[in-house]
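Please walk me through the aromatic side chains of this model and the loop positions around them, with the criteria stated along the way.

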Amino acid sequence: METRTEELEIEVKAATAQTTTQGQLISDIQWKLEDAENRQRRNNLRILGIAEDLEGQDTRAYIASLFKQAFLDLNGWDWEKEIQRAHRFPLMKKKQALTATNRDQSYPRAIIVYFGNFLLRQAVFEKARPNSKVTVEGVSFFSRPDFAHATVERRWRLRQMIAQFQELGAEAYLLSPARLKHMELDCLDKVWLSLVTLPSDTVV
């Protein structure tokens with residue numbers, strides 16, 4: 001009887017180790033897939049703040065015209081050529097949020113813009129950051145990177161942590177795509193306890 005019990009314990013330990021290894025493998029695969037998706041989105045920007053239906057039937061042409069008026073110092077670029085695709089963000093389920101800025105479904109959906117040239121994408125992003133909105137003929141907008149859904153969700157949660165650290169007098173920063181820097185470890189437990197009640201389906 002004792003020998004059989006020992007055998008069972010060995011089998012359980014082996015199964016547990018295998019499960020842990022498989023779990024880590026799945027986690028690694030998910031991370032690689034997320035990283036690959038972020039790389040595919042590298043030339044994209046999310047343009048936020050533009051009222052629904054303002055773009056009419058041709059979103060790409062509207063964005064090209066808007067950017068041509070907004071970024072006069074970039075008009076050496078051929079906007080019609082470099083703005084290769086543009087479309088509204090798909091309609092989302094009620095529980096999902098549309099943006100990190102306004103989690104109300106009445107807020108206009110982002111317009112996803114694909115640039116043929118990364119340098120132009122980066123120039124537009126630098127000129128239209130959230131803290132420096134661009135206004136053209138009464139239309140105000142700003143831009144954000146277009147990350148994978150899992151990355152966007154993690155960034156939102158990290159922003160909540162950063163706010164908590166700052167309230168505790170500690171410095172913390174969000175690094176691309178979704179990492180914390182300069183965490184004060186002695187504050188970590190307090191911050192974590194304040195966040196564990198966040199809804200599990202809370203996303204950006």
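Which residue lies over the face of F118? R42 does, at 3.7 Å from the ring centre, where a charge sits over a ring if NZ of Lys or CZ of Arg is within 6 Å of the ring centre and within 35 degrees of the ring normal. Likewise, R85 lies over the face of Y114, at 4.3 Å from the ring centre.

This is a predicted model, in which local features need pLDDT of at least 70 and side-chain atom pairs count only at pLDDT 80 or more, while totals for chains, interfaces and linings use all residues. Residues are numbered from 1 along each chain as its sequence is written, and side-chain values use heavy atoms, with hydrogens and water left out.

Across the whole structure, six aromatic pairs are found; rings of Phe, Tyr and Trp (its six-membered ring) pair if their centres lie within 6.5 Å, and planes under 30 degrees apart count as stacked, over 60 as edge-to-face and the rest as tilted. The pair F67 and F71 is edge-to-face because the ring centres are 5.4 Å apart and the planes stand at 65°. F71 and F141 are also edge-to-face, since their centres are 6.2 Å apart and their planes at 90°. As F71 lies in the loop between α2 (59-70) and α3 (79-82) and F141 in strand β5 (residues 139-145), this pair ties together parts that are 70 residues apart in sequence; helices (H or I, at least four residues) and strands (E, at least two) are DSSP runs, numbered from the N terminus. Both F71 and F141 are buried, that is, under 20% relative accessible area, with exposed meaning over 50% and partly exposed in between (1.4 Å probe, protein chains only). F67, F71, W79, F115 and F141 form one aromatic cluster.
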